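Visitor: I am new to this structure and would like to learn how to read its features. Could you take me through a few of them?

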Amino acid sequence: MEYVENDLVRVAKREKNTKRNYVVVNPLQGKHIPVSPSMALKLFTRLADSFRREYTGENLLLIGFAETATAIGAQAAVSLGTKYIQTTREVIPDLEYLVFSEEHSHATEQKLVKKDIDGVVPKTDRIVFIEDEVTTGKTILNIIAILEKLYPDQLSFSVASLLNGMSDKNLQVFEQKGIRIHYLVKTEHDTFCDRAKEFAGNGLYYKSMKKERKHVSVLEVKNKMNAQRLVDALLYEKACEGLWNAVHQRIGSISNKNILVIGTEEFMYPALFIGKKLEELSNQVFCHSTTRSPIVVSLEKDYPLHSRYELKSLYDSERRTFLYDIGKYDKVFVVTDAPKEETEGVHTLLSALGAQNDHITLIRWC
């Protein structure tokens, strides 16, 4: 399938961001807007197809960018059978990081576990950075500069993204550096700033609710594989299959239901994976996830997001996160790897979901 801009681009307004007042929201990505998980995973596989034949014979490492491209990178790596690691904004104790910045973002610090990169570089010919959207390429150049300093003349680099909005000048910089670029849709951002200004921002805003929801089923599944650390993508897929099998055994057969599956922040791929398995049981399934991104919501019909629930993060109760456009479903599954200690974030999420939904199951992969 070939995608066009209207398939993948909705312009929204960032909240109080002076560096860039707009954000591109992708309706098929499974992050902000609820989407069929099989449609999202099909999109990510199509990105892998865009460079599948380009590097035959090379050993590839795919790196997916947190928070929005972690599932894109995971599915692309699974499709290609490569090694995979995601960047992270979380703190993994007792590890040294490669730290770089994402200048236009609300949360600028990005990290890679140095020990894992040290170990994989000697076996790697090319790193392919996976993004949802590349606009200037500065973030990519920041991490490449660090990698080239640490591992001189050892690696080639490529970038693959669902959307590419780079100017001719920025594209020339990449070409001069020998960094190859792949994408599904080329975008022009010239009008996005003005379009974002026009929206009223009069959507429905809900603040954090700490009330603990009752009648929530909790399933804990062990043997988590963490893509913040280097993984073999096919083993990661196998681990997600094991997660699904454990969940399926406990929830039994479910069919002909309207189901929502929620991921949490960087932890998106396992939620989409489980969502697709539920689709295969003849359910109508939608998937999206909590996010750090504070986006304005508005009631205009052509605006992508209409209601916003402010939550406490399941990973850090001092951090705000958000979930957009919660609907009413027969069943809701929250899929997370968040630690059990952060109870406040769980309570706010379950309360937000519980405003319209009665049958909620929390799945914790640990």
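Guide: Gladly! Let us begin with aromatic pairs: rings of Phe, Tyr and Trp (its six-membered ring) pair if their centres lie within 6.5 Å. Keep in mind that this is a predicted model.

Visitor: How many aromatic pairs does the structure hold?

Guide: The structure holds 12 aromatic pairs. In one of them, the rings of Phe 267 and Trp 365 have centres 6.4 Å apart and planes at 55 degrees, so this pair is tilted. The two residues are 98 residues apart in the chain: Phe 267 is in the loop between β13 and α9, and Trp 365 is in strand β18. Both Phe 267 and Trp 365 are buried. Elsewhere, ring pairs join Phe 65, Phe 100, Phe 129 and Phe 157 into a cluster.

Visitor: And how do I read a nonpolar core?

Guide: In soluble globular proteins, nonpolar side chains tend to be buried together. Here the largest nonpolar core has 107 residues, and Phe 129 and Leu 353 have the most contacts inside it. Helix α8 gives the most to this core, with 8 residues. A second, separate core has 12 residues, including Phe 199 and Tyr 324.

Visitor: Which residues does Leu 353 touch?

Guide: Not counting residues up to four places away in sequence, Leu 353 touches Leu 260, Ile 262, Leu 323, Ile 326, Val 332, Val 334 and Ile 360.

Visitor: What about disulfides?

Guide: A disulfide is a covalent bond between the sulfur atoms of two cysteines. The count here comes to 0 disulfides. For Cys 287, the nearest cysteine sulfur is that of Cys 240, 12 Å away.

Visitor: Is Cys 287 buried or exposed?

Guide: Cys 287 counts as buried because its relative accessibility is 1%.

Technical notes: Residues are numbered from 1 along each chain as its sequence is written. This is a predicted model: local features need pLDDT of at least 70, side-chain atom pairs count only at pLDDT 80 or more; totals for chains, interfaces and linings use all residues. Side-chain values use heavy atoms; hydrogens and water are left out. A nonpolar core is a set of buried Ala, Val, Leu, Ile, Met, Phe, Trp, Tyr and Cys residues joined through side-chain atoms within 4.5 Å. Buried means under 20% relative accessible area, exposed over 50%, partly exposed in between (1.4 Å probe, protein chains only). Helices (H or I, at least four residues) and strands (E, at least two) are DSSP runs, numbered from the N terminus. Contact means heavy atoms within 4.5 Å. A disulfide is a pair of cysteine sulfur atoms within 2.5 Å. Rings of Phe, Tyr and Trp (its six-membered ring) pair if their centres lie within 6.5 Å; planes under 30 degrees apart count as stacked, over 60 as edge-to-face and the rest as tilted.
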